[in-house]
Amino acid sequence: MNLTIYQIDAFTNKLFGGNPAAVIPLEQWIDEGLMQQLALENNLSETVFFVPSIDPAADFDIRWFTPAVEINLCGHATLASAFVLFNILGFKKKALRFGSKSGVLTITKSDELFTMDFPSWKPERLNEYDAPLTAILGAVEIVGVYQYRDILIELADEAAVKNCNPDFTLLKKHVDKMIITAPGKNVDFVSRFFAPGAGVDEDPVTGSAHSQLIPFWSEKLGKKKLHALQLSARGGEIWCEQLNEERVTMSGQCVYYMKGEISL
């Protein structure tokens with residue numbers, strides 16, 4: 001069996017920026033264990049697979065794997081898949097619909113910008129929590145702690161987010177996934193995302209985190225349209241909008257890195 005694999009840098013307009021995703025188009029699903037092995041072999045934060053959907057509500061069904069586990073939502077790999085379908089495989093419809101474990105995800109393209117319609121996951125404030133967050137984050141000032149899928153920690157400013165040096169051993173022991181965030185100096189908000197429990201110490205750019213960050217900052221700042229940066233070493237830029245209580249959009253660019261063939 002031979003499979004085609006693409007590697008795409010998502011949420012960036014420059015090569016070696018943003019978040020790289022491995023994209024593997026399939027005609028039909030292969031064994032789940034094999035998909036996990038391929039994700040481990042690729043050793044990127046996400047390897048994404050999609051197949052033509054039999055559901056009339058979707059064009060393709062999509063699944064995402066870290067090197068360690070399958071997850072329920074991934075933004076950058078969805079963006080990368082849309083790039084492959086629109087720009088390489090000749091998808092012609094105006095809107096691309098993926099069926100997923102998080103519902104139908106719709107992606108549109110305007111010039112070089114891809115816009116994804118994602119669920120809005122508003123995190124709620126936690127007054128009590130078990131994890132030693134101050135020790136994990138290196139004694140930084142914590143403004144507030146919230147949670148939807150992931151623990152979201154608000155810090156005082158952009159410098160606190162940028163300079164944070166987490167204890168990953170302690171983080172993996174107590175927290176599966178963590179977002180840290182603060183107001184930005186030249187953008188509306190900045191963030192970083194850690195997921196050692198999923199085999200990814202720090203993810204370069206994370207769409208699913210922004211499903212939580214967008215409603216959080218939209219309410220806090222009183223704005224529907226937001227501009228965000230993820231402050232990883234590679235960096236990523238996202239244009240965001242809170243559509244309503246249930247949906248958000250996030251837009252970004254992609255860069256084509258490589259195409260290869262997997263022989264099994």
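This is a predicted model: local features need pLDDT of at least 70, side-chain atom pairs count only at pLDDT 80 or more; totals for chains, interfaces and linings use all residues.

**Salt bridges and their surroundings**

Guide: One end of our opening pair is glutamate 32, which counts as partly exposed because its relative accessibility is 46%. Its partner is arginine 63, and the two form a salt bridge whose closest N and O atoms are 2.7 Å apart. This pair ties together distant parts of the chain: arginine 63 belongs to strand E4 (residues 60-65), glutamate 32 belongs to helix H1 (residues 32-42), and 31 residues separate them. Now, is arginine 63 buried or exposed? Arginine 63 has a relative accessibility of 15%, so it counts as buried, since the cut-off for buried is under 20%.

How many salt bridges are there in the whole structure? The structure holds 13 of them, so let's visit a couple more, taking "salt bridge" to mean a side-chain nitrogen of Lys or Arg within 4 Å of a carboxyl oxygen of Asp or Glu.

Go to glutamate 154 next. It forms a salt bridge with lysine 220, and here the closest N and O atoms are 3.3 Å apart. Again, distant parts of the chain are linked: glutamate 154 sits in strand E11 (residues 151-155), lysine 220 sits in helix H6 (residues 207-221), and the two are 66 residues apart. Glutamate 154 is buried, because its relative accessible area is 6%. Lysine 220, at 42% relative accessibility, counts as partly exposed.

Another pair is lysine 177 with aspartate 176, whose closest N and O atoms are 2.7 Å apart. Lysine 177 counts as buried, at 16% relative accessibility, while aspartate 176 counts as partly exposed, at 42%. There's also a network to look for: salt bridges with shared partners join Glu32, Arg63, Glu70 and Lys101.

With a relative accessibility of 12%, isoleucine 151 counts as buried. Now hop across to phenylalanine 193: isoleucine 151 and phenylalanine 193 are 42 residues apart in sequence, and their C-alpha atoms are 10.0 Å apart in space.

Which residues lie nearest the centre of the largest cavity? They are Glu46, Ile71, Phe193, Asp203 and Thr206, out of 14 residues in the lining. Two elements each give two or more residues to that lining, strand E13 (189-195) and strand E14 (200-203). By type, the lining splits into 7 nonpolar, 3 polar and 4 charged residues. The volume of this largest cavity is about 100 Å³, and the count of cavities of 30 Å³ or more comes to 1.

What makes up the nonpolar surface patch of about 390 Å²? Leu15, Phe16, Tyr257 and Met258 make it. Of these, methionine 258 is found in strand E18 (residues 254-263). Methionine 258 counts as partly exposed, because its relative accessibility is 35%.

Notes
Residues are numbered from 1 along each chain as its sequence is written. Side-chain values use heavy atoms; hydrogens and water are left out. Helices (H or I, at least four residues) and strands (E, at least two) are DSSP runs, numbered from the N terminus. Buried means under 20% relative accessible area, exposed over 50%, partly exposed in between (1.4 Å probe, protein chains only). On a 1 Å grid over the protein atoms alone, a cavity is a set of points where a 1.4 Å probe fits but cannot get out, and a pocket is an open set with protein on both sides within 12 Å along at least five of seven lines; lining residues have an atom within 4 Å of a point. Grid points are joined across faces, edges and corners, and a volume is the space filled by probe spheres set on the points. Ala, Val, Leu, Ile, Met, Phe, Trp, Tyr, Cys and Pro count as nonpolar, Asp, Glu, Lys and Arg as charged, and the others, Gly among them, as polar. Patches are made of residues with over 30% relative accessible area and no salt bridge: like charges are joined within 9 Å, nonpolar side chains (Val, Leu, Ile, Met, Phe, Trp, Tyr) within 5 Å. Accessible areas come from the Shrake-Rupley method with a 1.4 Å probe; for residues, only the protein chains shown count as cover.
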